[in-house]
Structures are given as structure tokens and as C-alpha cells.
Amino acid sequence: MESRPETLLVRQHERVKCNLRVQVSAAPEHAGQVRLARTLGDGSRIVSATVTDCSPGGLGIDSSVYFPKSARLNIRVFVSPPDQSAETVVYEGIMRVQRASMFGHEPSYYLGTSFTEPPSQDQVASLMEQARRHPAAERAGKGDAVA
């Protein structure tokens with residue numbers, strides 16, 4: 001029996017669980033391979049999703065639309081101020097899908113992304129601060145009663 005070495009993936013950065021609104025679309029260089037139907041959302045081919053975790057190396061995104069591994073995505077992360085006035089953009093840039101996996105019964109995908117160009121230290125600090133200010137709601141465990 002042949003023995004194969006195992007590949008262990010270790011996260012390079014600590015992640016902060018959060019709940020931030022994000023808009024996702026295929027980057028121009030992948031728009032030909034990743035074509036979103038006009039029936040998604042408002043027809044702009046932009047998907048509304050949620051940032052579920054944040055780190056200095058990338059974002060974890062909960063999306064109702066599947067994006068393939070290695071796809072480059074345009075990302076816009078928003079926050080709402082406490083007074084519920086207009087949202088502001090905390091981060092805008094291009095990210096690469098490192099992993100994509102389905103979870104849940106409804107079509108829901110976890111997209112693990114990484115920055116294609118590292119943001120400035122100020123951008124990372126601002127993004128991480130907003131992630132801490134908007135913690136993720138606890139998900140009900142499998143089999144838990146729903147009220």
C-alpha cells in the first residue's frame with residue numbers, strides 16, 4: 001500500500017466572525033467565464049451577500065450564488081451607521097476565490113476569498129474594526145428547535 005503525504009492547510013491570519021453586507025460580481029477578466037443571469041437581484045449582475053468572517057488575508061462570504069475557485073470577483077463591503085442613515089463603503093477591490101463549498105439546504109455557498117492586491121494597513125485596520133463592531137449572529141445548530 002502506497003503512502004501519500006497529507007497536505008495540511010493552516011490559516012495564515014486569525015479571522016473575526018462578522019456580519020457585513022457585500023456586493024459581489026465577476027471581475028472584468030472573468031466576466032466571460034462567470035456569467036450571472038439578469039434574473040439575479042435587480043438585474044445588474046451584482047449579487048448581494050454577507051461577509052461572515054474577515055482577516056488581513058481575505059474575507060469569508062456567504063452567497064446564494066456559486067462562484068468557482070480561482071475566479072476573480074469585484075467586492076464592495078458596506079456598513080450601516082447606528083442611526084441607519086446611508087451605508088458607506090468600507091472596502092472595494094478585487095478578490096480571488098480560494099475555496100467554494102455549499103452548506104445548508106437552500107442554495108448557500110461559503111466563498112473563502114483572498115486579496116489579489118494587499119490593501120493598505122489603514123484599509124485592513126478599518127475593515128477589521130468594522131468586523132468587530134458587527135459580530136455574526138449565532139446560527140442555530142443542526143436539529144435545534146426554531147422559535
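Is Tyr91 buried or exposed? Buried, with a relative accessible area of 5%. Keep in mind that this is a predicted model. Today I'll talk about aromatic rings.

A pair of aromatic rings is described by the distance of the centres and the angle of the planes. Searching the whole structure turns up two aromatic pairs.

Start with Tyr66 and Tyr109. Their ring centres are 5.5 Å apart. The planes meet at 65°, and over 60 counts as edge-to-face, so that is what we call this pair. Now place it on the chain. Tyr66 sits in the loop between strand 3 (58-63) and strand 4 (72-79). Tyr109 belongs to strand 6, residues 109-115. Tyr109 has 16% relative accessibility and counts as buried, because the cut-off is under 20%.

Next pair: Tyr91, where we began, and Phe115. This one is edge-to-face too, with 5.3 Å centre to centre and 75° between the planes. Tyr91 lies in strand 5, residues 88-102. Phe115 is in strand 6. They are 24 residues apart, and again the pair links distant parts of the chain. Phe115 is buried, with a relative accessible area of 12%. Tyr91, as I said, is buried at 5%.

Which ring does the charged end of Arg21 sit over? That of Phe78, 4.4 Å from the ring centre.

Terms used:
Residues are numbered from 1 along each chain as its sequence is written. This is a predicted model: local features need pLDDT of at least 70, side-chain atom pairs count only at pLDDT 80 or more; totals for chains, interfaces and linings use all residues. Side-chain values use heavy atoms; hydrogens and water are left out. Rings of Phe, Tyr and Trp (its six-membered ring) pair if their centres lie within 6.5 Å; planes under 30 degrees apart count as stacked, over 60 as edge-to-face and the rest as tilted. Helices (H or I, at least four residues) and strands (E, at least two) are DSSP runs, numbered from the N terminus. Buried means under 20% relative accessible area, exposed over 50%, partly exposed in between (1.4 Å probe, protein chains only). A charge sits over a ring if NZ of Lys or CZ of Arg is within 6 Å of the ring centre and within 35 degrees of the ring normal.
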